[in-house]
Amino acid sequence: NLYFLRKGSLVYNLTDGPNGHYSEQGITILQEGQAWVSEPALWVSEWIHIGSLTAATESETLNINPAKFKEVMAASPAAYNMAQEFAKNFVEWINSEPFVTDLTNVEMGTPHLFYSFLPP
């Protein structure tokens, strides 16, 4: 699922290595209104999460199931085509990066880069 943080704060702890241990250097605090988590799960069919997500405070998320998202998008050819183009550009970006986590909006530096994936 893709998770939008609506209220509260979450802690993302990046897995350090193949044994599944967690690293203190891999901790990211996410505040409401600033973050979404696991966007690749929406665009990459076999995304594997490489961290854990826990609530630091009482939190509320909006969750988007990838299969349901595709089903809804398919109902509108124009929306489906735009999402398909976005997915293609997103996957190209992932493939160009040496290491990508579940926090793609943080890694991209700004959520406004989202718009750079949209077709003209």
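**Salt bridges, nonpolar cores and aromatic pairs**

1. The model under review is predicted, and the remarks that follow should be read with that in mind. I begin with the charged contacts and then turn to the nonpolar and aromatic ones.

2. Within helix α3, which spans residues 77-96, E85 and K88 are 3 residues apart and therefore separated by about one helical turn. Their side chains meet in a salt bridge, with an N to O distance of 3.4 Å. E85 counts as partly exposed because its relative accessibility is 28%, which lies between the 20% and 50% cut-offs, and K88 is likewise partly exposed, with a relative accessible area of 43%.

3. A search of the whole structure finds 2 salt bridges, and the other to consider joins the side chains of E60 and R6, at 2.8 Å from N to O. E60 is partly exposed, at a relative accessible area of 34%.

4. The largest nonpolar core comprises 14 residues, and those making the most contacts inside it are W43, F90, W93, I94 and V100. Two or more residues come from each of helix α1 (40-43) and helix α3, and α3 gives the most, with 6 residues. A second, separate core has 8 residues, including L10, A35, V37 and L103. In soluble globular proteins, nonpolar side chains tend to be buried together.

5. Of aromatic pairs the structure holds 5, and one of them is formed by W43 and F86, in a tilted arrangement with 4.7 Å from centre to centre and 45° between the planes. The pair connects distant parts of the chain, with W43 in helix α1 and F86 in helix α3, 43 residues apart. Both W43 and F86 are buried.

6. F86 also pairs with F90, and here the rings are stacked, with their centres 6.2 Å apart and 15° between the planes. Because F86 and F90 are 4 residues apart in helix α3, about one helical turn separates them. F86 counts as buried because its relative accessibility of 2% is under the 20% cut-off, and F90 is buried as well, with a relative accessible area of 0%.

7. Which residues make up the aromatic cluster? W43, F69, F86, F90 and W93 form one such cluster, and among them W43, F90 and W93 are also listed with the most contacts inside the largest nonpolar core.

Key. Residues are numbered from 1 along each chain as its sequence is written. This is a predicted model: local features need pLDDT of at least 70, side-chain atom pairs count only at pLDDT 80 or more; totals for chains, interfaces and linings use all residues. Side-chain values use heavy atoms; hydrogens and water are left out. A salt bridge is a side-chain nitrogen of Lys or Arg within 4 Å of a carboxyl oxygen of Asp or Glu. Buried means under 20% relative accessible area, exposed over 50%, partly exposed in between (1.4 Å probe, protein chains only). A nonpolar core is a set of buried Ala, Val, Leu, Ile, Met, Phe, Trp, Tyr and Cys residues joined through side-chain atoms within 4.5 Å. Rings of Phe, Tyr and Trp (its six-membered ring) pair if their centres lie within 6.5 Å; planes under 30 degrees apart count as stacked, over 60 as edge-to-face and the rest as tilted.
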